[in-house]
Amino acid sequence: MIVIDMDPMPAPRMVRSDKWAKRPVVTKYFAWRQEFVMKCNVAGWKLGPHLRVVFYVPMPKSWPEKKKLEMRGAFHRQRPDLDNMVKSVCDAFGVDDGYVHTLHAVKAWGIKGRIELY
C-alpha cells in the first residue's frame, strides 16, 4: 500500500474546445494529474490489472469539530462521483487502462485529502 497525500480529484468531462480554450477545471486537472503521477513514480507504484483504491475527501473547514469526529472515515455519499475519481487515477498514466480487470474503490471522509493505493 502507498499513500498519496493530496486531495482526490475527479476527471472532468472534456470537450473538443479544451485543446485551445483552456478551461480552469481542465488545467487544474492536468496539474493534479502531473503531481499524482510524479508521486506514484517516486513511491514505485504502477497501474496493474488489479486496482484497489481508497479516496479520502477532506471535510469542509466550516464543519464543527464534533461533526468532523463523527464523520471521520464515514462513507462519502455526494459529489464528486466515485467513478470519475477512479477514471482520474486510471487515465493519469496515459496508457490504455483496458487491461484493468479488477477494481475495488471506496470514497470516505477524511481530516485531510489523501489517496491510498493497493
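The buried residues of helix 3 (residues 82-91) are Met85, Val86, Ser88, Val89 and Cys90, where buried denotes a relative accessible area under 20%, exposed one over 50% and partly exposed a value in between (1.4 Å probe, protein chains only). The cover over these buried residues includes helix 1, strand 2 (50-58), strand 3 (102-110) and strand 4 (114-117). The model is predicted, so that local features require a pLDDT of at least 70 and side-chain atom pairs count only at pLDDT 80 or more, while totals for chains, interfaces and linings use all residues. Residues are numbered from 1 along each chain as its sequence is written, and side-chain values use heavy atoms, with hydrogens and water left out.

Helix 1 (residues 24-43) packs against helix 3 at an angle of about 60°, and the two axes lie 10 Å apart. Axes are lines fitted to C-alpha atoms, for helices over the stretch in contact, and angles run from 0 to 180 degrees between N-to-C directions. The two helices are therefore oblique to each other, given that angles under 35 degrees count as roughly parallel, over 145 as roughly antiparallel, 65 to 115 as roughly perpendicular and the rest as oblique. The contact (heavy atoms within 4.5 Å) is formed by Tyr29, Trp32, Arg33 and Phe36 of helix 1 together with Ser88, Val89 and Asp91 of helix 3. By class, four of these residues are nonpolar, one is polar and two are charged; Ala, Val, Leu, Ile, Met, Phe, Trp, Tyr, Cys and Pro count as nonpolar, Asp, Glu, Lys and Arg as charged, and the others, Gly among them, as polar.

The chain as a whole contains three helices and four strands, arranged from the N terminus in the order β-α-β-α-α-β-β. Helices (H or I, at least four residues) and strands (E, at least two) are DSSP runs, numbered from the N terminus. Along the principal axes, the C-alpha atoms fill a box of roughly 45 × 35 × 25 Å. Buried residues make up 36% of the 118 residues. Of the contacts with a separation of 6 or more, 84% are between residues 24 or more positions apart.

Arginine 72 lies in the loop between helix 2 (65-71) and helix 3 and is exposed, with a relative accessible area of 58%. Residues up to four places away in sequence excluded, arginine 72 touches Met59, Trp109 and Ile111. Between arginine 72 and isoleucine 115, the separation is 43 residues in sequence and 15 Å in space, C-alpha to C-alpha.
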